[in-house]
Amino acid sequence: MIHVAIVILNWNGKPMLERFLPSVLKYSLLDAEGEAGWQTPHEEPLELTSQVIVADNGSTDGSVAFLKENYPEVPLVLLDRNYGFAEGYNKALAQVEADYYVLLNSDVECTPHWIQPIINMMEREEKVAVAQPKLLMYDRRDTFEYAGGAGGFIDAYGYPFCRGRLFNTLEHDHGQYDDERDVFWASGAAMFVRADVWKELGGLDGDFFAHMEEIDFCWRVKNAGYRVRCCPRSVVYHVGGGTLPKSSPFKTQLNFRNNLSMLYKNLPENCRSRVLALRMLLDGVAALKFLLQGHMGEFAAVRKAHSEFRQRRESLEEKRSLIEHPAQVPGIYQGKLLWEYYLLRRTTYISLHGRFSK
């Protein structure tokens, strides 16, 4: 059995595979001289084996033919249709045996020695079940990337943010978040997971399809007593938005629906009703803003998200019954992120004044 399986889930991403798969192979496998591209000379080398695998989500753009012709050494997991990010990974990883899974987007450029610092840390810290590298933008390499920065958090109402990104404001990276630390969630763009914990918790929630599924998973990881961590000594560059455009009603629908589903499943009982009611009110304000700005597709997407959330409550209740709910989960920001960002103009992680739950 391999120790580290780097699994790229592809859906009609042939251009991304052409551009980025070479760096993944170069820095994730043994090179021609027998030296591991993921081993850093500054750390004790680990006796680990690694493998890069591409799982294809029913692509129709010639991705599979391209891989078979140009990278016959790369194992393929072929799915019969597009199951989305969440269920696609569930189905793919069910066919992969390894100690650690690395969920890696097809639009990520890897760098030398990006694997070993994280694996060393996880080997040393047995309670760390999920981890991520530092994510920087591919085309602005001094800037944190939206999807994960240097580790993610949420506030008390479920709004996600990162060290290096609050809402749409991205910070320049000048080493301010280079400390290794526990975070609330790790980015699904480059997420390391202990395989046994993945199986224990049932992987991602396939009903999410895409967006917020990694935050939901990490919350369940923390509810189960494990930890999530960012290791900035490992660095990757991410293009982002590879499958859905930034301004997409479908993306808006998924984000609003899945955020409510995540809160419903994971919040402690003593605050669930209150938080959900306020969050749905705030969603209504966001929908009104879309309407006033003339973004009718986004307005309709929020309404559809709320409708789908209400329709799914019975199944969400079943899922909730399988999750442990401690009275308080560490790492949730207790300040009011919307208030601080939009009214007090605190646009960096360092500028936030609230405390985090412990």
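1. Met212 sits in the loop that joins α5 (195-201) to α6; helices here are DSSP runs of H or I with at least four residues, strands are runs of E with at least two, and both are numbered from the N terminus. This is a predicted model, where local features need pLDDT of at least 70 and side-chain atom pairs count only at pLDDT 80 or more, while totals for chains, interfaces and linings use all residues. Residues are numbered from 1 along each chain as its sequence is written, and side-chain values use heavy atoms, leaving out hydrogens and water.

2. Back to Met212: its phi is near 75 degrees, a positive value in a residue other than glycine. Most residues other than glycine have a negative phi. Met212 is buried, with a relative accessible area of 10% (buried means under 20%, exposed over 50%, partly exposed in between, using a 1.4 Å probe and protein chains only).

3. Arg345 also has a positive phi, near 60 degrees. Arg345 lies in the segment after α11 (337-343), and is exposed at 63% relative accessible area.

4. Now look at α2 (residues 63-70), whose buried residues are Ser63, Val64, Phe66 and Leu67. Viewed down the axis of α2, they fall within an arc of 160 degrees, so they line one face of the helix (the arc is taken from the directions between the helix axis and the C-beta atoms). Lys68 and Glu69 are exposed on the face turned away from that buried side. The buried residues of α2 pack against β1 (2-10), α1 (14-28), β2 (50-57) and β3 (76-79).

5. What about α7 (residues 249-266) and α9 (residues 296-311)? Their axes come within 8 Å and cross at roughly 30 degrees; axes are lines fitted to C-alpha atoms, for helices over the stretch in contact, with angles from 0 to 180 degrees between N-to-C directions. The two helices are therefore roughly parallel (angles under 35 degrees). Among the residues of α7 that meet α9 are Phe256, Leu260 and Tyr264, with contact meaning heavy atoms within 4.5 Å.

6. The axes of α6 (residues 213-223) and α7 come within 10 Å and cross at roughly 10 degrees. That makes α6 roughly parallel to α7. On the α6 side, the residues that meet α7 include Ile215 and Trp219.

Definitions and conventions. Parallel < 35°, antiparallel > 145°, perpendicular 65-115°, else oblique.
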